[in-house]
Amino acid sequence: VGQDGIRLSYIERVEETGEATIPDGISYIGEFLGGVNNLILPISLKSLGDGCFEEIDDLYKIELGKGLVNIPDRCFREASIREVKFSGLEETIGESAFAESYIRGSVVTGAYVIGKEAFSQTNITSLVTVRAKEIGVCAFEYCTNLARVRFDDNLLIIKGGAFRGCSKLEEVYLPRNVKK
C-alpha cells in the first residue's frame, strides 16, 4: 500500500469468469494475466504497466476508469480485446497500445496524443477524437476496415504513414488548424 493507493505488480490468472470489477483503491496494475472476459477499471486506477494486457487471449471488453489518463505502450498489443470504452479523459495512447489487437467498431477518444502504431492492424471502422493534437507515425496503418475519421479543431500534426494501407477510408474531416 502506497500513499497513492494499492499498487499491484500483477493480478494472477483467475478461473474463467464473465465480468469483473477491479475494486476501488487500486492505483496501479503492472501485469494482468487474464481469466476475465469483461473488465471494469476503477476511478482510483492511475497507471498500468507497459504491456499490462499484452497478448491476453480471453479479455474481450474493457471499461477504462476516469483516473487512467495515460494508456501505456503495448498495453493491449496482440490482445483479444474487441471493445474499449474510453473515459474521454485520457491524455495519451502510447506506442503500439492496441496494435494487432482485435479491437473493432467505433473508437471515440479524448486523447491529446495518439502514439506511433497505436491502433495499427486493427479492425476499427470509425474514429472520432475530441481533443487530439498529434497523431503518431503509422498510428492507424493497415486498419483495412477504417472508413470514417473525424478530428476535432485542436489537431495540429499528423505524422507520416498514419493511414497507410487503410483501403476502405472514405471520409476524413481535417480541421483548418493542421500544420503538418
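Okay, hi everyone. Before anything else: the model is predicted, so to speak of local features we need pLDDT of at least 70, and side-chain atom pairs count only at pLDDT 80 or more, while totals for chains, interfaces and linings use all residues. Residues are numbered from 1 along each chain as its sequence is written, and side-chain values use heavy atoms, with hydrogens and water left out.

Let's start with the overall build. The protein has zero helices and 16 strands; those are DSSP runs numbered from the N terminus, with at least four residues of H or I for a helix and at least two of E for a strand. The radius of gyration is 16 Å, close to the 16 Å that the globule rule gives for 180 residues, so the protein is as compact as a globular protein of that length. That radius is taken over C-alpha atoms, and the rule is 2.2 Å times the number of residues to the power 0.38. Along the principal axes, the C-alpha atoms fill a box of roughly 45 × 30 × 20 Å.

How many of the 180 residues count as buried? The share is 46%. Buried means under 20% relative accessible area, exposed means over 50%, and partly exposed is in between, using a 1.4 Å probe and protein chains only.

Now the rings. The whole structure holds eight aromatic pairs. Rings of Phe, Tyr and Trp (its six-membered ring) pair if their centres lie within 6.5 Å; planes under 30 degrees apart are stacked, over 60 edge-to-face, and the rest tilted.

Take Phe-76 and Phe-98, a stacked pair with 5.0 Å centre to centre and 5 degrees between the planes. Phe-76 sits in the loop between strands E7 (70-71) and E8 (83-85), and Phe-98 in the loop between E9 (92-93) and E10 (104-109), so the pair ties together parts 22 residues apart in sequence. Both Phe-76 and Phe-98 are buried.

Phe-98 has another partner, Phe-86: their centres are 5.8 Å apart and their planes at 70 degrees, so this pair is edge-to-face. Phe-86 lies in the loop between E8 and E9, 12 residues from Phe-98, and Phe-86 is buried too. These three belong to one aromatic cluster, whose members also include Phe-32, Phe-53 and Phe-163.

Last stop, the backbone. Most residues other than glycine have a negative phi. Glu-55, not a glycine, has a positive phi of about 65 degrees, and lies in the loop between E5 (47-48) and E6 (61-63). Gln-121 also has a positive phi, near 60 degrees. Gln-121 counts as partly exposed, at 41% relative accessibility.
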